[in-house]
Amino acid sequence: MDIKEYFARISYRGSHNKPDLATMSDIFQHHIQAVPFENLSIHCGERIELNLEATYNKIVRNNRGGWCMENNYLLSWVLKTLGYNVTLLGSKVYVPELDSYPDEIDHLLLQVELEGKSYIVDGGFGMAYQLWQPMELISGRDQPQIPGVFRFQEESGSWYLEKVKRKQLVLNQSTSTSQNMENEACRRIYLFTLQPRDIEEFRGCNAHLQTAPDSLFVTKSICSLQTADGIRALVGWKLTEMKYNYRDNTDLVEIRTLADEEIEKTLKEKFNITLDKKFVPVNTSRFSLF
């Protein structure tokens, strides 16, 4: 594994001699705009391995993306290689349709100690709730980013990440999300503690999320990528493109349903992904990703 090869993969040409906040933020921004959040392996007969070298080969050499346990595991190696103090953390992702969190951790994120402050680095959430910058770990303070205003709330040792949502202007309203989701002003994203984790603690959820019949990742094929001013996402056959803060604190959303014969071309042109095996799109879950 070669850090320069990784930098070429994400088109990063900046400095990396000093492990400071500016460098980490710049690398992070390049990563999320180059490496999709995706679970396509599940839907084309591949197994997602919880192995750093396999993840490196998949993302860096095969030009693929990955989910949290791939993106953030790779980012932990990148940041440690550059001299950052990195700790793995585990979180429980909020399910708005059930208004609950799961019993066990199902998301990997990173904590970085830097210059006397602590930051959360999460390059593996994807969709419209993807952070665009590391967030300082401080409770109750709004931290505006291009996707919207994020903040942490700490209660009795548990930390909650939430995002204040903007209004959405959907160009083709008939294909939009449910009215309840649109009227939601603030979305909880996940909760976590500062208990350090070992990668082995994620082996169970890595297997469960790609095999359980009720797993979101089994019932939906997902590929999302952050762009210069928003995101694009292919969920099943539905291609969504969003431009953040298009005007008057409103995000512009365009949704189109693709035909089967458009999928392969769209993955290549919109996400720079070419799959080796036959991909079967899926979208049978009622859970909303926006």
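Which residues of helix α3 (residues 52–61) are buried? I put this question to a predicted model.

**Entry 1: helix α3.** I listed the buried residues of α3 and found Leu52, Thr55, Tyr56, Lys58, Ile59 and Val60. I then looked for what covers these buried positions; the cover includes α1 (3–9) and α4 (68–81). For the spacing of the list I recalled that residues three or four places apart point the same way, because an α-helix has 3.6 residues a turn.

**Entry 2: the ends of α3.** At the start of the helix I noted a side-chain oxygen of Asn51 that reaches to within 3.1 Å of the backbone nitrogen of Glu53. Just after α3, I recorded a positive phi of about 60° for Asn63.

**Entry 3: strand β4.** I next asked why strand β4 (residues 117–121) counts as largely enclosed by the rest of the structure. The reason is burial: 4 of its 5 residues are buried, with under 20% relative accessible area.

**Entry 4: the partners of β4.** I traced the pairing with strand β3 (residues 107–114), which is antiparallel and runs over 5 bridges. Within this pairing, Leu110 has Val121 of β4 as its bridge partner. I checked the hairpin of β3 and β4, where 2 residues lie between the strands, and found that Glu115 takes a positive phi near 55°. I then turned to strand β5 (residues 135–136), which is joined to β4 by 2 bridges, again in the antiparallel sense. In this case the bridge partner of Tyr119 is Glu136, in β5.

Definitions and conventions. Residues numbered from 1 in each chain as written. Predicted model: local features only at pLDDT ≥ 70, side-chain atom pairs only at ≥ 80, totals over all residues. Heavy atoms only, no water. Buried < 20%, exposed > 50% of the residue type's maximum accessible area, 1.4 Å probe, protein only. Pairing = 2+ DSSP bridges. Contact = heavy atoms within 4.5 Å. Polar contact = N/O pair within 3.5 Å; in protein donor to acceptor, adjacent residues only side chain to side chain.
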